[in-house]
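Work through the exercises below with the sequence and the model open. Try each task before you read its solution.

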Amino acid sequence: MTVEPGVRTVAESDASVIARSRDEPEAFAVLFDRYAEAVHRYLARRLGGESADDLMAETFTTAFQQRHRYDPSRATGDGARPWLFGIATNLIGRHRRAEARRFKALARIPAPADHEEPLADRAAARVGAQAVGRELAAALAALPARHRDVLLLVAWGGLGYEEVAQALGVPIGTVRSRLHRARGKLREALGGSDPTTLREVPGHD
């Protein structure tokens, strides 16, 4: 099928879009349309809305600059999604202290009085916390960064184990090990409960 320059087709795969963008740079906008919202949501939950705006733009700028190095043979799951989330997670790595400070700050937010608009709700709206409770925020802040990355790529990024392995450039066994340890530490910190904000991705075990 011949595709005219600048024309986007719904059925076109991510790999095809990236390959076409090497000669037609404007074609890369298709990936932005497909994944920008999900990448921004993931970044916002980890670093807050303001930082997410900047890092989402940097994620796609970096991806565009590196599109010639994209290897479709390594892609799993939803095409370019693990690649983009891997870039986003690497960028988060430059802000480890900011992320830890943010989770610690969320953990200190007092419980609202019954007659008040929930302070936690206002804080969540302000920084994009999206239901990160105090206990969960404290537990996430205490996790080693490499464990937090795996856990949140699964829980908030919606990636399967193989996709996380691809995103982080580690073996799938490492993903399973880090995820197991992270969950164990969270359950211990939360008194044995399974936090509802951290969802499992079915069918990727």
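**Exercise 1.** Describe how helix α2 packs against helix α3 in this predicted model.

*Solution.* 
Step 1. Locate the helices: α2 covers residues 29–47, and α3 covers residues 49–65.
Step 2. Take the geometry. The angle is about 140°, and the axes lie 8 Å apart.
Step 3. Classify the angle. Over 145 degrees would count as roughly antiparallel. The pair α2 and α3 is therefore oblique.

**Exercise 2.** Which residues make the contact of α2 with α3, and how do they divide by class?

*Solution.* 
Step 1. List the α2 side: Leu31, Phe32, Tyr35, Ala36, Val39, His40, Leu43, Ala44 and Leu47.
Step 2. List the α3 side: Gly49, Ser51, Ala52, Asp53, Leu55, Met56, Thr59 and Phe60.
Step 3. Sort them. The contact has 12 nonpolar residues, four polar and one charged.

**Exercise 3.** Find where α1 meets α2, and sort the contact residues by class.

*Solution.* 
Step 1. Helix α1 spans residues 14–21. Its axis and that of α2 come within 9 Å and cross at roughly 145°.
Step 2. From α1, take Asp14, Val17 and Ile18. From α2, take Val30, Leu31, Arg34 and Tyr35.
Step 3. The classes are five nonpolar, no polar and two charged.

**Exercise 4.** Characterise the largest pocket by volume and lining.

*Solution.* 
Step 1. The volume of the largest pocket is about 270 Å³.
Step 2. Its lining holds 13 residues. Nearest the centre lie Gln66, Arg74, Trp83, Gln166 and Ala167.
Step 3. Assign helices. Both α4 (81–92) and α9 (161–168) supply at least two lining residues each. The most come from α4, with five.
Step 4. Sort the lining: five nonpolar, five polar and three charged residues.

Definitions and conventions. Residues are numbered from 1 along each chain as its sequence is written. This is a predicted model: local features need pLDDT of at least 70, side-chain atom pairs count only at pLDDT 80 or more; totals for chains, interfaces and linings use all residues. Side-chain values use heavy atoms; hydrogens and water are left out. Axes are lines fitted to C-alpha atoms, for helices over the stretch in contact, and angles run from 0 to 180 degrees between N-to-C directions. Helices (H or I, at least four residues) and strands (E, at least two) are DSSP runs, numbered from the N terminus. Angles under 35 degrees count as roughly parallel, over 145 as roughly antiparallel, 65 to 115 as roughly perpendicular and the rest as oblique. Contact means heavy atoms within 4.5 Å. Ala, Val, Leu, Ile, Met, Phe, Trp, Tyr, Cys and Pro count as nonpolar, Asp, Glu, Lys and Arg as charged, and the others, Gly among them, as polar. On a 1 Å grid over the protein atoms alone, a cavity is a set of points where a 1.4 Å probe fits but cannot get out, and a pocket is an open set with protein on both sides within 12 Å along at least five of seven lines; lining residues have an atom within 4 Å of a point. Grid points are joined across faces, edges and corners, and a volume is the space filled by probe spheres set on the points.
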